[in-house]
Amino acid sequence: MDDNEWALRKRLVENFHEKRDENERLAKIDWDKVRVDAAIAAMQGLCNSCHDSVIREIQESSDKERSNVISFLAVRMADALVKELKGE
């Protein structure tokens with residue numbers, strides 16, 4: 001086996017171990033907690049936002065539905081973030 005083949009095999013083994021370590025790290029993450037924390041942060045941002053789409057959603061809702069619209073949008077944002085972080 002020449003030096004190039006040896007280096008390639010060594011790098012393949014290193015990549016395998018790196019991927020395994022990454023998978024173990026991801027498995028230890030409490031994704032429900034990440035989702036809740038992300039939803040809280042998104043809701044805070046939405047409540048402080050003057051973004052046209054948020055204002056339009058709220059204006060088109062009845063008084064009873066307004067808080068539901070904000071929480072719905074916050075959870076959707078959190079779900080999108082978790083999906084991206086998980087690499088799905």
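Trainee: Why is aspartate 79 called partly exposed?
Mentor: Set the value against the cut-offs. Buried means under 20% relative accessible area, exposed means over 50%, and partly exposed lies in between (1.4 Å probe, protein chains only). Aspartate 79 has a relative accessible area of 31%, so aspartate 79 is partly exposed.

Trainee: What should I know about the model itself?
Mentor: This is a predicted model: local features need pLDDT of at least 70, side-chain atom pairs count only at pLDDT 80 or more, and totals for chains, interfaces and linings use all residues. Residues are numbered from 1 along each chain as its sequence is written, and side-chain values use heavy atoms, with hydrogens and water left out.

Trainee: What makes arginine 35 and aspartate 79 a salt bridge?
Mentor: A salt bridge needs a side-chain nitrogen of Lys or Arg within 4 Å of a carboxyl oxygen of Asp or Glu. For arginine 35 and aspartate 79, the closest N and O atoms are 2.3 Å apart.

Trainee: Is arginine 35 buried or exposed, or in between?
Mentor: In between. Arginine 35 has 36% relative accessibility, so arginine 35 counts as partly exposed.

Trainee: Why can such side chains pair at all?
Mentor: Side chains of opposite charge can pair when their charged atoms come close.

Trainee: How many salt bridges does the structure hold?
Mentor: It holds 4. One of them joins arginine 11 and glutamate 14, with the closest N and O atoms 2.9 Å apart. Both residues lie in helix H1 (residues 3-28), 3 residues apart, about one turn of the helix.

Trainee: What makes glutamate 88 and lysine 86 a salt bridge?
Mentor: Their closest N and O atoms are 3.9 Å apart. The limit is 4 Å, so the pair counts.

Trainee: Why is glutamate 88 called exposed?
Mentor: Glutamate 88 has 61% relative accessibility. That is over 50%, so glutamate 88 counts as exposed. Lysine 86, at 35%, is partly exposed.

Trainee: How many helices and strands are there?
Mentor: The protein has 4 helices and 0 strands. Helices (H or I, at least four residues) and strands (E, at least two) are DSSP runs, numbered from the N terminus.

Trainee: What share of the protein is buried?
Mentor: Buried residues make up 14% of the 88 residues.
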